[in-house]
Amino acid sequence: MTETRKPPIPTIRTAIPADREALLRLTERLGDFPVPPWRSAAEIARADHPILLAALREPGVGHLLLVAEAGGRLLGFLFAAERADYFTGERLAHVEDLALDPGAEGKGLARQLMEAAERWARERGCRRVTLNVWAQNERAIGLYRRLGYQPETVHYLKELSP
């Protein structure tokens, strides 16, 4: 009789400097959708490297960097930061990044990371959580809608010829 092993149960924890390479590798998932022709998946992946590395170097009260891990393997991460609402100046939490390893999708990890960010926001006295999502990223839009997020503004861009 063969023994069936259950996969390790994922845990959510604060990121540590040893997570650096796995975090940067997971940023490649930030551009894993049909990106607009004026952007590249590589530039989307690299754009937030500076803020992620700063958060690893200097954990602070104004931001949150969480990872989902199972069996010593990083399966995903979420980075959120406090911001001021543009219209009211009220403090809110803004989810900057959420990325999962492709093999970790559909297992509730994104929901767990978002719920942890919402708890963090409440503990800090924030009444709102905001985020931006690419219009073409239907997978992410579906997740955020299921979690109760609603669209607020739409950002437009026009390429100008030289």
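**Architecture of the predicted chain**

From the N terminus onward, the elements of the chain follow the order β-α-α-α-β-β-β-α-β-α, giving 5 helices and 5 strands; helices (H or I, at least four residues) and strands (E, at least two) are DSSP runs, numbered from the N terminus. The model is predicted, so that local features need pLDDT of at least 70 and side-chain atom pairs count only at pLDDT 80 or more, whereas totals for chains, interfaces and linings use all residues. Residues are numbered from 1 along each chain as its sequence is written, and side-chain values use heavy atoms, with hydrogens and water left out.

The C-alpha trace of the chain spans about 65 × 40 × 35 Å along its principal axes. Of the 162 residues, 40% are buried (under 20% relative accessible area, with exposed meaning over 50% and partly exposed in between; 1.4 Å probe, protein chains only). Among contacts (heavy atoms within 4.5 Å) with a separation of 6 or more, 63% are between residues 24 or more positions apart.

Helix H3 (residues 49-57) contains the buried residues His49, Leu52, Leu53, Ala55 and Leu56. Viewed down the axis of H3, the buried residues fall within an arc of 160° and therefore line one face of the helix; the arc is that of the directions from the helix axis to the C-beta atoms. Pro50 and Arg57, on the other side of H3, are exposed. The packing partners of the buried residues of H3 are helices H1 (20-26) and H2 (41-47), together with strands S2 (63-70), S3 (73-84) and S4 (91-100).

Asp19 is placed in the loop between strand S1 (11-14) and H1, and counts as buried because its relative accessibility is 7%. When residues up to four places away in sequence are not counted, Asp19 touches Arg13, Thr14, Val67 and Leu74. Lys107, in the loop between S4 and helix H4 (109-123), counts as exposed because its relative accessibility is 59%. The C-alpha atom of Lys107 is separated by 9.8 Å from that of Pro10, although the two residues are 97 residues apart along the chain.
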